[in-house]
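I opened this entry to look up charged pairs and nonpolar packing. My notes follow the order in which I checked them.

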Amino acid sequence: MHSYNVLDTEAEADFDDIVELASKICDTPVSLISLVDEGRQWFKARVGFEPQETTLDQSVCSHAILSTEFTEISDMGADPRTVDNPLFVGDPKVQFYAGANLVAPNGQVIGTLCVLDTKPRHLNDFQKQALQTLSRHVMMQLELRKKIRLEAALRAEMDHRVKNSFQTIASLLRMATRKVDDPDAKDVLALVERRFGAVASLHSELMTRDGEGTVQTVSFLTQLGKLLAAGAPESVAIMTSADEGELDVMQASAIGMIVSEFVANSIKHAFPNDQAGEITLSLRARGEDCWLLECRDSGGGHCGQVSGADSTGLGKMLMTSAAEQLNGRLEADFGAGGAVMKVSFSR
């Protein structure tokens, strides 16, 4: 039972609705979802009964879980298991009990869905069947919550391991870059490191979305901007802005590539020798069907290059490929006032 992590939790409508329905179907003033712990019975949901829990000496359910799948005691005063039960001999003098066991998938009984009355009686076949059906719904709800918690724990563990892997690989890339003398090789390693950083940012954003296959435009671009700013000179400010919306994983990955390359290119060519300036990254909705990604810097142009981050033109090729993944096309303008790059793509 403890694996369900349900004891002493707050009331939930899904369970409250079940006891309300059980009480109405069985025409009883009291209905309970009773969980039998080591020294008490605790009620996840209750109607017509004030205490949140009772001791086991007041628990009829502790007897019920040891018997068959369904237990009915038409007159507690005539049953040796309950004749001295405080609920019978005291107030409110409960006389009738019927309970359907809550059975876990491994066969373990953890409690009952039960109904009580202050007069002797019998449930008809429909009422008995309904109570058993509702008890299975209780277990379905408990199992669902258990699986959600386990999946959340698994995602957290996976996230932790992936982040550790990202950090390890990023460190290896930086070490490799320091040991390489060839300028082209350095540029390629730097490009890989930027690409890796964009993927790490995308992973982090996806994990905050609880496994959903989309990311929020504002938080993703903000996080990506912070990541890029961390590697930029103090003299260069990186600012981001975005309209509210969602991107699928492919779109976010492509945007991460374009933005990270533009920023690296601007830092290298538009702001040489620690020249001060700013880079702005924006993602704007254009009507209901289109996004416009716009990257700007306030430098003196990029010498006509879309990506001067590597002399082999690999950065330019990757940016163009990323734009094609978005079903868009790069448009770049370089002038004395700085560089502007735009990509329009469907939402």
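**Entry 1: the model.** I am working from a predicted model. I kept that in mind for every distance below.

**Entry 2: salt bridges.** I began with a count. How many salt bridges are there? The count comes to 12.

I then went through several pairs. Asp-37 and Arg-40 join their side chains in a salt bridge, at 3.4 Å from N to O. Is Asp-37 buried or exposed? Its relative accessibility is 16%, so Asp-37 is buried, given the limit of under 20%. Arg-40 also has a relative accessible area of 16% and is buried.

This pair has further partners. I found a network of salt bridges that links Asp-8, Asp-37, Arg-40 and Glu-53.

Next I looked at Asp-117 and Arg-121. Their closest N and O atoms are 3.3 Å apart, and the two form a salt bridge. Both residues are buried.

**Entry 3: a pair between elements.** I turned to Glu-72 and Lys-128. Their side chains form a salt bridge with an N to O distance of 3.9 Å.

Glu-72 is partly exposed at 24% relative accessibility. Lys-128 is partly exposed at 25%.

**Entry 4: the largest core.** I moved on to nonpolar packing. The largest nonpolar core holds 35 residues. Leu-247, Ile-255, Ile-258, Val-259, Leu-283, Leu-293 and Phe-345 have the most contacts inside it.

Which elements supply at least two residues each? The helices are helix 6 (217-230), helix 7 (249-270) and helix 8 (314-325). The strands are strand 8 (236-242), strand 10 (277-286), strand 11 (290-297) and strand 13 (338-346). Helix 7 gives the largest share of this core, nine residues.

Leaving out residues up to four places away in sequence, what does Ile-258 touch? Its contacts are Leu-293, Met-319, Ala-322, Ala-323, Leu-326, Leu-330, Met-341 and Val-343.

How values were computed
Residues are numbered from 1 along each chain as its sequence is written. This is a predicted model: local features need pLDDT of at least 70, side-chain atom pairs count only at pLDDT 80 or more; totals for chains, interfaces and linings use all residues. Side-chain values use heavy atoms; hydrogens and water are left out. A salt bridge is a side-chain nitrogen of Lys or Arg within 4 Å of a carboxyl oxygen of Asp or Glu. Buried means under 20% relative accessible area, exposed over 50%, partly exposed in between (1.4 Å probe, protein chains only). A nonpolar core is a set of buried Ala, Val, Leu, Ile, Met, Phe, Trp, Tyr and Cys residues joined through side-chain atoms within 4.5 Å. Helices (H or I, at least four residues) and strands (E, at least two) are DSSP runs, numbered from the N terminus. Contact means heavy atoms within 4.5 Å.
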